[in-house]
Amino acid sequence: MLRNLSEYLEVDTDKKQLIDSILMPRLESPAFYSKRVISREDIYDFCELDSLPLTKYCPKCHKEYPENENFCYDCLTGLKHISDIIDVRDINIKQEFKVRGSNDFSCFENIFTPENIDKVNSFDFSIRDYKKIQNGIKRAAFKNFDDLVKSNELVLDYLDILDKILLFSKSFVEVDFKSFGPELGLYTFNRIDIDDRQSAALQITTLIHELSHFILKEIIAQILCRILDCSKNSYIEAIATFILVHAPFTRLIDEYSAHTVEGRFTMYGYQDYSSFLEIEQSLEGEMSKEEIEITKSIGNTFAISIKKILESYIDRDLREDIKTQFRMDIMDRPNYEMLMMENCENLTSEGFLKAIWLILTEGFETASMNISKLTEYENCF
Ligand SMILES: [Zn+2]
Ligand SMILES: [Zn+2]
């Protein structure tokens, strides 16, 4: 079945062009040089150097004031000290990605009925439905982000690039810091744990990697809701989680998708290949080389929509800031050798729908036979 998908492959031109520009650089390729244009603000800041230091800010309009001022007369609001701005690490909100349907299942038995198994197999789902899910996730994340900024009176300009990405990550999931264990980051059950002993640049790309795992779980859960016409709850989340981890096939899709998304926001030559190489090595001949490549192409296709969600915030300016952070933090020479092994193919819409159908039908059926595992997962949400 997996092999049949090969006829739906096409070249992922964005990914290929980026990799080609690194492997075969042209002189003054834009990937290597970026011009910093001096803005009006820079000139203004320069002229202000001699005047009083601006230590306070208006939480409404973000205009800055010297120490002896207490009010913003434009907004009639009390000023705050810039130094008192809340640490992004201490912020937490309840992230909401609600989906409402006609059914709200309260046990697994009510989900795995012959009628529902039939609904999954007949798969009444289109690319339009997929795009709706993608846009819904983006909208919900932006609403969460806006709430975070407003309720904590944050001024984005004061945040460094790591805090900006951390704040954005918190619009999706709970983020906690750890300083133990071999993993740099870990995604489990709508929560990211990140090791803060690593450099800022690596914390940024680790956050993006783990965030991709969350978004893929969210996409799978929302597709299930749509097909079963049900609300999203811990039972559906548990099944989506199971679908992504139960087989080497889906684990590889999940991992390659996260790797590809991370790569989009990392300076080329500093990508981390360990996560999916580990899965590939553990396969021990279970999948043929051709099947592995098609699986990666499915991962690439999911990665395209995840990148679209993330790029709406992590725009060109922020990507430039991430590169600057890399240049400051990383001492090792870039390694371009592994880039040649990248899979730069994705599936056409038709092929992608067939791939999702395959993931769901196999995953849903296997899940129905593993209720104890599902219960374990359900308790974690
Ligand atoms: Zn103001
Ligand atoms: Zn991963």
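User: At what angle do the axes of helix 7 and helix 9 cross?

Analyst: The model is predicted: local features need pLDDT of at least 70, side-chain atom pairs count only at pLDDT 80 or more, and totals for chains, interfaces and linings use all residues. Residues are numbered from 1 along each chain as its sequence is written, and chains are lettered from A and ligands numbered from 1 in the order in which they are written. Helices are DSSP runs of H or I with at least four residues, strands are runs of E with at least two, and both are numbered from the N terminus. The axes (lines fitted to C-alpha atoms over the stretch in contact, with angles from 0 to 180 degrees between N-to-C directions) of helix 7 (residues 200-228) and helix 9 (residues 248-264) come within 8 Å and cross at roughly 135°.

User: Which word describes how helix 7 and helix 9 lie to each other?

Analyst: Angles under 35 degrees count as roughly parallel, over 145 as roughly antiparallel, 65 to 115 as roughly perpendicular and the rest as oblique. The angle here is roughly 135°. Helix 7 and helix 9 are therefore oblique.

User: Which residue of strand 6 stands opposite Lys56?

Analyst: Strand 2 (residues 54-57) pairs with strand 6 over 2 bridges, in the antiparallel sense. Opposite Lys56 stands His81.

Methods. Two strands pair if DSSP finds at least two bridges between them.
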